[in-house]
Amino acid sequence: MARKTARSAASLPDWLDLPEPQAFRPKRHYRTVWISDVHLGTRGCNAALLLDFLRTAECEVLYLVGDIVDGWRLRKGWYWPDAHNEVVRRVLKMAHRGTRVVLIAGNHDEMLRPYAGMNFGGVQVALDAIHLTADGRRLLVTHGDEFDAVVLYARWLAFLGDKAYALLLRANVLFNAVRRRFKLPYWSLSAYLKKRVKNAVQFICAYEEAVAAAARERQVNGVVCGHIHSAEIRQIGDITYYNDGDWVESCTALVEEPDGAMRLVDWAEEARRAARTAPALPHIQAEKETA
């Protein structure tokens with residue numbers, strides 16, 4: 001048995017045990033962190049901001065609530081810069097160092113759904129989960145695409161919408177490239193436009209109601225989801241609705257404090273504040289955690 005354990009340890013990559021890079025801010029300690037809709041493999045993914053957040057966060061449980069890897073985009077063409085590798089390595093490091101990591105498969109990474117119940121490098125794959133908060137509440141954790149009538153009943157329309165959305169995100173990338181030239185922090189043009197389109201607002205409200213109704217049927221106290229890229233904490237009747245947002249537009253996460261209190265973290269806004277108060281500080285950096 002000892003020989004087998006030694007052999008397993010020897011097979012682990014060296015970078016899992018490398019020391020942390022120098023931190024510019026103290027670690028933040030959470031009981032639980034939820035992130036979703038990272039869309040690794042797309043140009044719209046804000047991997048540098050996500051890395052910056054994950055390097056400051058320590059938690060007992062990390063939920064990856066779907067669409068972490070964008071299989072739809074990768075099937076059409078390969079795009080995978082070093083920063084996307086670093087996100088994967090950071091998550092695996094967290095798992096290696098004791099964080100329980102649960103990946104809820106979404107619609108863009110639906111290729112993972114057949115592997116529900118399996119464990120890869122310390123990452124548990126699931127279709128959904130029930131989370132028990134520190135103050136005793138039961139929360140359903142699900143990506144949420146099953147409540148999206150467009151995805152559920154008109155898959156071809158979902159792909160058409162995905163193409164239009166990809167164009168909007170590409171415009172967002174170009175817009176922020178110009179802002180960087182003028183030393184301005186990240187700001188989401190796509191999120192700004194989406195919040196001002198009446199039909200999008202109506203869809204989000206209907207979606208939230210549908211998710212809350214499903215949570216009520218499961219006899220839980222609340223629900224955590226992603227999918228629609230719209231961070232929100234809202235009470236809908238007896239159900240608390242949480243949406244952790246995304247990392248292509250808003251760059252938000254949902255966190256649970258040690259006492260069970262829940263709140264949203266707007267990391268893009270925190271980065272903007274840091275840039276205003278200390279413009280010379282290399283707040284967002286993509287240094288590698290490799291040997």
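**A covered strand and its surroundings**

Mentor: Happy to. The chain folds into 9 helices and 12 strands; helices (H or I, at least four residues) and strands (E, at least two) are DSSP runs, numbered from the N terminus. This is a predicted model, in which local features need pLDDT of at least 70 and side-chain atom pairs count only at pLDDT 80 or more, while totals for chains, interfaces and linings use all residues. Residues are numbered from 1 along each chain as its sequence is written, and side-chain values use heavy atoms, with hydrogens and water left out.

First, the overall picture. The chain has 291 residues, and 46% of them count as buried (under 20% relative accessible area, with exposed meaning over 50% and partly exposed in between, for a 1.4 Å probe and protein chains only). Take the contacts (heavy atoms within 4.5 Å) with a separation of 6 or more: 70% of them join residues 24 or more positions apart.

Now let's look closely at strand 11, residues 252–256. Of its 5 residues, 5 are buried. In a regular strand, side chains alternate between the two faces of the sheet. Here both faces are covered, with T252, L254 and E256 on one side and A253 and V255 on the other.

What lies beside strand 11? Strands are said to pair if DSSP finds at least two bridges between them. Strand 1 (residues 28–35) pairs with strand 11 in the antiparallel sense over 3 bridges, and T32 has E256 as its bridge partner. Strand 12 (residues 262–266) is also antiparallel to strand 11, over 5 bridges, and here M262 stands opposite E256. Strands 11 and 12 make a hairpin with 5 residues between them, and G260 in the turn has a positive phi of about 95 degrees.

A nonpolar core is a set of buried Ala, Val, Leu, Ile, Met, Phe, Trp, Tyr and Cys residues joined through side-chain atoms within 4.5 Å. The largest one has 32 residues, and I35, F53, L62 and W247 touch the most other members. Among the elements giving two or more residues to this core are strand 1, helix 2 (47–56), helix 4 (82–96) and strand 11. Helix 2 gives the most, with 6 residues.

The axes of helix 2 and helix 4 come within 9 Å and cross at roughly 20 degrees (axes are lines fitted to C-alpha atoms, for helices over the stretch in contact, with angles from 0 to 180 degrees between N-to-C directions). Helix 2 and helix 4 are therefore roughly parallel, a label for angles under 35 degrees, with over 145 being roughly antiparallel, 65 to 115 roughly perpendicular and the rest oblique. On the helix 2 side, A47, L50, L51, L54 and R55 meet A83, H84, E86, V87, R90, V91 and M94 in helix 4.

M94 deserves a stop of its own. M94 is buried, with a relative accessible area of 7%. Setting aside residues up to four places away in sequence, M94 touches L54, A57, C59, L62 and T99. M94 also lies 9.0 Å from L16, C-alpha to C-alpha, though 78 residues separate the two in sequence.

Five strands form it in the order 6-7-8-10-9, with mixed pairing. Its edge strands are strand 6 (129–132) and strand 9 (232–236), each pairing on one side only. Within this sheet, strand 10 (residues 239–243) has 5 of its 5 residues buried, so it is largely enclosed by the rest of the structure. Strand 8 (residues 222–225) pairs with strand 10 in the parallel sense over 4 bridges, whereas strand 9 and strand 10 are antiparallel over 5 bridges. Strands 9 and 10 form a hairpin with 2 residues between them, and G237 in its turn has a positive phi of about 65 degrees.
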